[in-house]
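Hello,

Here is the structure I promised to pass on.

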Amino acid sequence: MSTRLARGGRLIDRSKPITISFNGRRMPAFLGDTLASAVLANDQMMVGRSFKYHRPRGIMASGAEEPNALVGLGAGPRFEPNQRMTTTEAFDGAETASQNHWPSLEFDIGAINNKFSRFLPGGFYYKTFMWPRSFWKNVYEPFIRQSAGLGKVPTDRDADRYEQAYAYADVVVVGAGIAGLTAALGAARSGKRVIVLEMTPACGGRAVVDGFAIDGQPAEGWVAAAVDTLRGMDNVTLMTRTMATGLYDHGYLMAAQRIADHTPGDGRPKQRLWRIRTAEVITATGAIERPLSFAGNDIPGVMLAAAVRDYAVNYGISIGDRTVIVTNNDDAYRTALALLDAGLTVPAVIDARPTVTGALPQAVRDRGVRVLEGRGIAKVHGGKRVTGVEVCVQAGEGAMIEELGCDCVAMSGGWSPVVHLWSHCGGKLLWDEARAMFRPDANRPPLGADGRGMVRAVGAANGMLTPDEVLTDAHAAFGDGTAPQTNAPDEARMEPVWIMPQGAGPKLRAKMWLDPQNDVKVSDVQLAAREGYESVEHTKRYTTLGMATDQGKISNINGLAVLSDALHQQIPATGTTTFRPPYTPLTLGTIAAEARGEIFQPLRRTPIHEWHEAHGVEWEPVGLWRRPFCYKRAGETTHAAVNREVRNTRTNLGLLDASTLGKILVKGPDAGKFLDMLYTGVMSTLPVGKCRYGLMCNEQGFLSDDGVVVRLSEDSWLCHTTSGGADRIHGWMEDWLQCEWWDWKVYTANLTEQFAQIAVVGPNARKVLEKLGGMDVSKATLPFMTFAEGQLGGFNARVFRISFSGELSYEIAVPASEGRAFWEKLIEAGQEFGVMPYGTECLHILRAEKGFIMIGDETDGTVIPQDLNMAWAISKKKPDYLGKRGQERSFLASPDRWKLVGLETLDGSVLPEGAYAVAPGVNANGQRNVQGRVTSTYFSPTLNRGIAMGLVKHGPDRMGEVLDFPGDGGKVHQARIVDQVFYDKEGAKNDA
Amino acid sequence: MLILECPCCGVKAEETELAPGGEAHLKRYGPGSSDEDFDNYMFARANPKGVHFERWRHAYGCGKWFLAARCTATLEVFGTYPAQTTEPPAELQAYIKSRRPEWEGYK
Ligand SMILES: [Zn+2]
């Protein structure tokens, strides 16, 4: 059984007991424990089940590479699935629950998959789920749904808050083991701004566990002194609990800092995402121990050797009373020594190397432990827990020599440098044959903005595995003088062992796990190779090797080696899969941070926004603006409110908040010339005080925006744009002025937010303005399509006699700060004239009744003005304007283009939005041919019937023809082609 | 995420402050131009793996357009310069040549 030892545990505080729960069972633990050490202290070795076969899974590792130990943590609004127990700090009251099993962890029905495992080999999903079609619904989908996904999705809104912060540095050192600390000290002493990021709460990495001396003092003391020195320097920031998750272009490093993960609800942000810009990154990210591939290596109790040592030294945990160690290197002997020091039994060290002579093995032999040279494990006995191992000759086929009883197997297949950050941004790896590892190729680093390397790897992350190698390498990054020295013994080289024993037959290979979470075995990778999957990227996806939540941290290299062997090629010829950020998963809350709820994105409010809110508004989002869709009265439906607003505006008086309309001032000696290029029509000849409707096209000739242009003075024009187009059109103007016609003397300013604009619309429009008093707004003084500046009811006003409704209409701009007051004044003065505010839906209906186009409805980026019968708005005389050459392209002159017409249903109903008119016959894909489509469709309260506009092939020549528009449920809507102007065809009303 | 120095305001701008504008130094072809010239102006882009001249706007900054010379393969930035020019400055071209001797040069 696994239990807490009476003594030891450098990271736990035995004076601070806490209680956690696992699947409802309360477990005593100490402050400083991880969730993993806490449950191991309580003999909870099995913590989950694997993805495919639902096999029992125990804790394998002690850090971020852990593939199995994922739990749901917390409850309600603080529930988070897939928390890695080995990196999650335990806290009092932590509730955890295991995942991926049903009905219980101990008894799981899905484990039946295990019995059929020979029918579920690599590529099973691809081979099986192809046919027959009917199986999808009844067989495959239920199977996938039952097994898909790890953990449960939280159902409540997250109770926590998250932050993001920016930081800038000359050097970021990732990892505060002895390599990182040495490099950081060197960089700091040379005066650089240094940020040190350490993923765990404490610094020191492996050295403090392995316990050698550095420069004559114990590693622990040396580390504490280095940390103190760094913390005392003004140019250094050292952050623990901070995971560097990804490195991106030009030294952009992301790091997630855990702040209140272990103190939930204390008011601090749960996590903070750092966005760091740095000139250089030093990766001192260490190495990850490799498992060995022997049959039964996935049984709970089989762990990485260094993890067994970590649990003993850091947390005072005994994984088992009897631990068999199996290795191909000297480092694993440190685990034997640590266990012996803790008073535990090591029945033997099984070493795959034929002769073992190093100092560490000798120290173990001296303690009376047998070292079995040239031996391997043929198979592990046990189900939910290891009970023993069969020893065999590594060079053989697995015949048992002896059986060893044990309750823990500590395995070490050597170490792989953590090269993720190095690789994220293009750093290349080399295969170091002597060390049997991929490590960073210093000649091909990730490049920064200046084209020079921006990352250096030091220490174990650079493939240096012995303490003196590590320190020498790290010191060389910045230091001069001599590197720190240790008293660690020399280590003999590890010898690569990719499967154990070397000659294992199919039966054993089918029980050798490479990826314990996804259940990928040696036999699956070999099968993939036989089936022609030669690319490592293809094999990964075919077998799902390395696609589990640990992203192949421990399975990658063994899988590559097995694949290479099966393909009869060297490992570097196979290569690695791509290392992509993030290194460990980021919770979505950290990525979103403050950008949620009301501040998910900025909200633009017109000066009259609050008034709308207080008067029954139903909002419509328009870009970042909110515009009133309509104003509902008590008990009124949206539809009824819209119809009321339309009828009232046509018969009495309506007010529209048009403040969102784009208002761009274009000024200067060349402004007229510029606008003649921008618009299809002529604006330079517009007399001062006059308004003219204009169209803008892109260089392909397609309609881009429209609006009324006003000549304010001799050298200035005001260009109205659509509400959504203001910023885009302003940018478009600046593009041409800055990049093409930079010698033209033109100045533009986007005044959209400087003015509130109110449309005063309806037969009573003039009456209400005359009641306000001030400037002359009579037809004689201010006729249709003119502009004047003056005072209205004491407000400074720009008055435009323009109409988007077909009614008598004044659009009045006042300074934004006075918009609300002016609006309220109009509401008050308008009472006797039947004033009502109206929203965007009413605006749309009013314009559709008049046959006016709307950018985005009648246009979609493929429509030219000529399609909309708007050739009248295009100057024939101008030699050039933006889009003119594009419109000259032959296909745009085709008489077969769809053109704008009005559409009237035969039964008065409303055509469905976007419906297509069908034509006889079918196209090459067997679909009905089409000859037109609906662009705008509304119920017109004025005409008491549905009205629509649409683009129809040869439309204007086909007046009176009836088209079929298939709709939902087999219904076919029939509509007649009519003139697009449904109301006041003579235009008498807006000129009243 | 790129950093480009805006030659107008001098800010070392994060990519999120910038709006991309595609290939630089395109010659505009208007009315009267051949179909082939117009087609090239409108649609044909060099899209090289290597030295590339491109347009950027300091959209969430000073608002100015500027041009950048950049390696699309390594993301090395050779330099940025004002948009009011029809070809890259001579000293920038020389610098690019020093960094990329195999570069065929600006035509
Ligand atoms: Zn700028």
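Buried residues account for 24% of the 107 residues in chain B, where buried means that 20 or more other C-beta atoms, placed from the backbone, lie within 10 Å of a residue's own. This is a predicted model, in which local features need pLDDT of at least 70 and side-chain atom pairs count only at pLDDT 80 or more, while totals for chains, interfaces and linings use all residues. Residues are numbered from 1 along each chain as its sequence is written, and chains are lettered from A and ligands numbered from 1 in the order in which they are written.

Staying with chain B, two helices and six strands are present, in the order β-β-β-α-β-β-β-α from the N terminus (DSSP runs: H or I of at least four residues for helices, E of at least two for strands, numbered from the N terminus). Its C-alpha atoms fill a box of roughly 40 × 35 × 25 Å along the principal axes.

Now to where the chains meet. The contact takes 22 residues from chain A and 22 residues from chain B (C-beta atoms, placed from the backbone, within 7 Å). On the chain A side, α22 (726-739) and α26 (884-887) each give two or more residues, and α22(A) gives the most, with five.

Finally, chain A is divided into four domains, including domain 1 (3-112) and domain 3 (291-413), with bounds from an automatic or database domain assignment. The centres of domain 2 and domain 4 of chain A, taken over C-alpha atoms, are 63 Å apart.

Best wishes

How values were computed
A residue is buried if 20 or more other C-beta atoms lie within 10 Å of its own, exposed if 12 or fewer, and partly exposed in between; C-beta atoms are placed from the backbone. Two residues are in contact if their C-beta atoms, placed from the backbone, lie within 7 Å.
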